[in-house]
Amino acid sequence: MEWGIEMYLMLKDTEVLYFDLEDFVVEVIHNDLLPYCIRSNIRLPNSTKDILHNVQEVKSYLSSRVLSLSRDNAKKIYAAFQIPQLDSIDNRVNICIKCKGVSIQDSYWVRNDESDELWCEINIRQNKLSDIVDLSLSGFSPTITTDRICPELTTKGLFRKGWVSLGGDLYLLKSDKTKDYVNTKMEVLASEILECFGNCLECIEYAGDVKKTVDGVSVVSICKNFVEEEYSFTEAWEVMEYCKRRKIDFREYCLNRWGYQFASIPVLDYIIMNTDRHTQNYGFLVNNETGRIDRLAPMFDFNCALVADYFLVDAADTLSQMFNTKETLHELAVQYLPYTNLTFREDKFIQLAASKHYADYKYIFERVYQRIQELGIIK
């Protein structure tokens, strides 16, 4: 363990939390600016139990920001930075502190008490990336680097992926290990199908491309980073836990604030048979100045969508992961359909289905169309 330093959790250049894990000290500076997973969850140190709770919450938060060893090519990334390949909380906390917890998805980071660094100096959404995409995505050995301010150490998910800077914007490249890159191809197709719908939550566009890897040439999906500089992305589970602590009904809160946009998520997920809408795969954009949620984040991550259709499997009874309940994809779609006002561009859908590029996937379009008809979205 390497925790013998007084640290601050920062939101840009604002100190929001002080902690010294070696001495078991945690002090809230700005509760309303804390990440939602620990907001209103740090107790007054009135007992040993409270002190241990606070330390555990901070450690849990820091460890959650770090790349899991379960992800494809993760061990190569750890090796490139000479990081012990131990997937323990303590090791992950150490990694987070060493790489300053900098992430592309938000504006939080970790600064030690003796540092005078500023956000503008380490913000990887604005500064040049330590580009190891050839390693994280493709498995190639990287150029030797000692700079741990790298997005790959704090990018979540199990599929191989990597960030690149193109024309001043950040783009995420993803791929998978299946023989025909089914997940990657279906992500691009699902994205194009979702463009046929209106009056719904914004959906991230994915494009397809190829990239050289150690195994040959891989199919990749590419999407633009949707987290703007004034916002931090907060995963749904964080807000769900916050609502639970504040005795707020999460679903009611979301429906009241975002109505048809929020309701469109489970409906569209059923239409494209997305079996992976877990509570880290949707969320909210939090204003960095106020700490308040301004809006829903766009729908993203479709590399498990349409895969059941590709393999001619009926996944309608698959349990949804959206609320961690026993409801199925179909049940949630039916439940939230009345709150939506989806429009469907049937002409655009037919044109997409007729394109030569998707000539082998006509049966997938037929299944999607059947679900659209079933829900009565086609007038």
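1. The model is predicted: local features need pLDDT of at least 70, side-chain atom pairs count only at pLDDT 80 or more, and totals for chains, interfaces and linings use all residues. Residues are numbered from 1 along each chain as its sequence is written, and side-chain values use heavy atoms, without hydrogens and water.

2. The whole structure holds 18 salt bridges (a side-chain nitrogen of Lys or Arg within 4 Å of a carboxyl oxygen of Asp or Glu). One of them joins lysine 100 and glutamate 117, with the closest N and O atoms 2.5 Å apart. This pair links distant parts of the chain, 17 residues apart: lysine 100 sits in the loop between α3 (89-98) and β4 (108-112), glutamate 117 in the loop between β4 and α4 (119-122). Helices (H or I, at least four residues) and strands (E, at least two) are DSSP runs, numbered from the N terminus.

3. Arginine 295 bridges to glutamate 228 at 3.7 Å between the closest N and O atoms. Arginine 295 is partly exposed at 30% relative accessibility; glutamate 228 is too, at 37%. Buried means under 20% relative accessible area, exposed over 50%, partly exposed in between (1.4 Å probe, protein chains only).

4. Aspartate 269 and arginine 277 form a salt bridge at 2.8 Å, N to O. Both are buried.

5. Lys12, Arg125 and Glu229 form a salt-bridge network.

6. Valine 55 lies in helix α1 (residues 48-64). Valine 55 is buried, because its relative accessible area is 6%. Its C-alpha atom is 7.3 Å from that of valine 25, 30 residues apart along the chain.
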